[in-house]
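Here is a brief report on selected local features. Look over the sequence and model first.

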Amino acid sequence: MAVGDCGAKSKLTGSQIIIKALQEEGVDTVFGYPGGAVLPLYDELYRSNIRHILTRHEQGAVHAADGYARVSGKPGVCIATSGPGATNLITGITNAFMDSVPLVVLTGQVGVGMIGRDSFQEADITGITMPITKHNFLVRDVRELAGVMHEAFYIATTGRPGPVVVDIPKDVTTQTTVVDKYPPPLNLRGYRVCREPHPLQILQAARAIARAERPLLFAGGGVITSGAHEELKILAEKQDIPVIITMMGKGAFPEDHPLFVGMVGMHGTVAANYAVGECDLLIGIGVRFDDRVTGRLDKFAPKARIIHIDIDAAEIGKNVPAHIPIVGDARLALKALVDNLPRPALRPEWRNRIRAWQEEHPLQYDRDCGLKPQLVIEELHRLTGGEAIVSTDVGQHQMWAVQYYRVKRPRSFISSGGLGAMGFGVPAAMGAQLARPEATVIAITGDGSFQMNSQELATISFYRLPVKIILLDNGYLGMVRQWQEFFFDGRYSYSDLAAGNPDFVKLAGAYGIPALRVTEASQLTGALERALEHEGPFLVDVKVDREENVLPMVPPGAHLREMIVGG
Ligand SMILES: Cc1ncc(C[n+]2csc(CCOP(=O)(O)OP(=O)(O)O)c2C)c(N)n1
């Protein structure tokens, strides 16, 4: 981290300290929305070289900061005013917390003397965000501010990353103090990050891998966070171990690799789910064993010993007991495992068994009738060669994107995993585009999710962010409709959006964003090509088959072998 001289013995206002801190932490882009309590900070921002992206809703700002962080690997920063500005961030903060995304969230607060008096636009944001942040601070004294800013970035980005809120009363932003150096020394009692895995645990795990006949590598978001994808590939190839992923692990292993089996869980592939049932050693790396992944817990991986590698000790044994726990950084742990397994292995029998499942049960859909949503994703994949950065919303389109947009690299597929928050896709794509201006960024969304943050079309238009929005428009809250079809005898209770939906092409046009509507399969390729070739933002409204279902599906609470596979 850079050590900067903030001007020996010069007095700085709280706002100036915040700007200095952002500069010293290497932040060049922040997302936010102004209001009374943060006006002094905005005034300082106005004079600084930091780029501020004005979204149209605070939720847009926090999701954009999140998308920026997921794609860049750097912390995302967002700013909101006190009260409603801060409370509008809650979904985005929770989302980042569930998916372990490093965010520093700066909120304005009423003046120190006004706290606790139900003052205008007062909300106890440190109280509210206590369970959804890795840590939070209320800065009551300007002399603490530089130290708190440094600690906030340190906590957000180290160990298991997560969101940190810094709540700053208005008068703290205008008071002055002397700041000698940034960063000031860290003063973090009780916060220890254990990166180095224990050598004995590594030895035990290496022995278990060497002895296993049917081992399975199981990669989650932690592999991407720790940059362990290369080490994962080396271990898989040297030891001839097939790889399954969680949705958060998409990008941790190239999906065109012969050892890639697929995503596991509720909408995972048959082969991945069968492999979990049959493996004798499951090596979980940076995974939470979340219920969407495990299905019924007591039937999960019944024949396997489990190695669980995670930087967060609290994850070990939380959902699934681990026979060999390894607390530490995933990259260091995988590297140590490779070093402790000098002899390469071959496991043709196990691989062939998995290949047979893959051949027998590929992902499939009826290509011969209607305009299928899966076809849209397949075409997008073909036209971009799997090289785009894809951001999704939540619902059926998200699962089809996971299934049919096969990625090769980490940080190229972002989605709301743990929280499953509709409204994430479009603002997160804006953040992704700002993190990677040269990349093709595609937001795959549904008509329900899109309308949760469609105001961000204004942000996209104003900053000319060349995001391509592909709307899988089925006129339903499709995933809700699917559950109602499967589990509620087809009673579609309040899940039909069609009658109230706007004309999405006209809506985009109102923001100055060109758009096309696709109603037949024959128009699809041309429209997607137009969107991808266009230099600026573009929206394609694809009227897909309304009642298509996401398959395979493990019903909630069932075990992984109880999949609905047919149409
Ligand atoms: C903020 C929020 N509210 C409600 C839900 C519950 N939910 C999950 S999927 C879904 C439907 C999504 O519809 P749409 O965005 O049109 O996508 P589709 O499933 O049709 O592809 C709903 C309502 C949610 N995940 N997030």
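## Helix pair H1 and H2

Ser-15, Gln-16, Ile-18 and Ile-19 of H1 meet Pro-40, Leu-41, Glu-44 and Leu-45 of H2 (contact: heavy atoms within 4.5 Å). By class, this contact of H1 with H2 has 5 nonpolar, 2 polar and 1 charged residues (Ala, Val, Leu, Ile, Met, Phe, Trp, Tyr, Cys and Pro count as nonpolar; Asp, Glu, Lys and Arg as charged; the others, Gly among them, as polar). Helices are DSSP runs of H or I with at least four residues, strands are E runs of at least two, and both are numbered from the N terminus.

The model is predicted: local features need pLDDT of at least 70, side-chain atom pairs count only at pLDDT 80 or more, and totals for chains, interfaces and linings use all residues. Residues are numbered from 1 along each chain as its sequence is written, and side-chain values use heavy atoms, with hydrogens and water left out.

## Ligand surroundings

The ligand is surrounded by 17 residues (a heavy atom within 4 Å). The closest are Gln-396, Gly-420, Gly-448, Ser-449 and Gly-478.

Polar contacts here are pairs of N or O atoms within 3.5 Å. A ligand oxygen is 2.7 Å from a side-chain N or O atom of Ser-449. Backbone polar atoms also take part: one of Gln-396 is 2.8 Å from a ligand oxygen, and one of Tyr-476 is 3.1 Å from a ligand oxygen.

## Backbone details

Tyr-182 and Pro-183 are joined by a cis peptide bond, with omega about 5°. Pro-183 sits in the loop between strand E10 (181-182) and helix H9 (199-211).

Notes
Polar contact = N/O pair within 3.5 Å; in protein donor to acceptor, adjacent residues only side chain to side chain.
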